[in-house]
Amino acid sequence: MIDSVRPISTNAFARLAGAYQENRPGYPNQLLSVLAERARSQVEQGAWTADFLAIDVGAGTGISTRQLAGALSLTCQVVGIEPNTEMLQEARAGGGPPNLRKYLDGTAENLPFDAGTASLVVAAQAVQWFDRPRYYAEALRVLRPVGIIAVIQNNRSWECSAFLDHYEDLLERYSPGYTREYRDIDFLTEFEVAGFAHCELHQCDWVRAMSVPAFIGMAKSSTKFAAAVQTHGEDVVLGALIHLIKSAKRDEDLLPIRYHSELFMAWRPL
């Protein structure tokens, strides 16, 4: 059985859209290439006709949507779905490849598409906020036979970095209810329980070199950091972050932020 979660309020991302777009990382091309290759293979085998539709659910400011459109063939149409008004406005202003058709206001639990119309349904850095049983049911509904569901996420590799380990300590201390394991979800098992088949996991590790202002901007784009500020005040939380950076003697150097990224995939059965 898959645990049902309460979907996050779209208000949690209020006033974060600009910082999110400016400071959040993209996703490794290595993983996007795997996803594109799987989609291409299905097309070449004749599983789908030319009207290929990919849906990016919880598109945010469009970071993942633009990457997805760029990785797929220009004959593959891409649509982003996002419920937060500010995020949606930022995404629509961001442009993208010509096969990125549009962004729609919508939720993971009620996708605005007819049954059997999508070849690929993706959620990047968002699925932990969904009511996942309802989302999986919606993905099964809108996907064609042998259509693909995918989850992509960037995880900070705090196990390999003392600085990131201390940053997670900071969030766990100040952000109500936060735990660094909040994205440790067994998606492959959840996919199988929901009725998908042929599950796959692809992973890669990489490093993003960030300036101190960029890292602080990324922290401020997080709902977890915003909750910490709301609870304890910006002076306390931001002061603790700056102290952490200075303690690491990185106040002038670039911060090497290590990531472990994952791509989970499964197929809708015939």
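Arg132 is buried, at a relative accessible area of 7%. Buried here means under 20% relative accessible area, exposed means over 50%, and partly exposed covers the range in between (1.4 Å probe, protein chains only). The model is predicted: local features need pLDDT of at least 70, side-chain atom pairs count only at pLDDT 80 or more, and totals for chains, interfaces and linings use all residues. Residues are numbered from 1 along each chain as its sequence is written, and side-chain values use heavy atoms, with hydrogens and water left out.

Arg132 forms a salt bridge with Glu190, with 2.8 Å between the closest N and O atoms. A salt bridge is defined as a side-chain nitrogen of Lys or Arg within 4 Å of a carboxyl oxygen of Asp or Glu. By this rule the count is 10 salt bridges.

A second pair lies within helix H5. Glu138 bridges to Arg141, and their closest N and O atoms are 2.7 Å apart. Both residues belong to H5, with a spacing of 3 residues, about one turn of the helix. Glu138 is buried at 10% relative accessible area. Arg141 is partly exposed at 31%.

Asp169 and Arg180 form another salt bridge, with an N to O distance of 2.5 Å. Asp169 lies in helix H6 (residues 162-174) and Arg180 in the loop between H6 and H7, so the pair ties together parts that are 11 residues apart in sequence. Asp169 is partly exposed, at 27% relative accessibility. Arg180 is buried, with a relative accessible area of 12%. Both residues belong to a network of salt bridges that links Asp165, Asp169, Glu172 and Arg180.

The strands are described next. Seven of them form an open sheet in the order S3-S2-S1-S4-S5-S7-S6, and the pairing is mixed. Strand S3 (100-104) and strand S6 (197-210) stand at the edges; each has a single partner strand, so one side of each is left without a neighbour in the sheet. From one strand to the next, the twist averages 20°. Two strands count as paired if DSSP finds at least two bridges between them. Strand S1 (residues 52-57) runs parallel to strand S4 (residues 118-124), and 4 bridges join them. Val57 stands opposite Ala123 in S4.

Helix H5 lies across S1, S4 and strand S5 (143-156), and runs at about 140° to S5. Axes are lines fitted to C-alpha atoms, for helices over the stretch in contact, and angles run from 0 to 180 degrees between N-to-C directions. Contact means heavy atoms within 4.5 Å.

The axes of H6 and helix H9 (residues 223-232) come within 9 Å and cross at roughly 50°. That makes H6 oblique to H9. Angles under 35 degrees count as roughly parallel, over 145 as roughly antiparallel, 65 to 115 as roughly perpendicular, and the rest as oblique. The crossing of H6 past H9 is left-handed, meaning that the near helix is turned anticlockwise from the far one by less than a right angle. On the H6 side, Tyr167, Leu171, Arg173 and Tyr174 make the contact. Phe225, Ala228, Thr231 and His232 make it on the H9 side.

Methods:
Helices (H or I, at least four residues) and strands (E, at least two) are DSSP runs, numbered from the N terminus.
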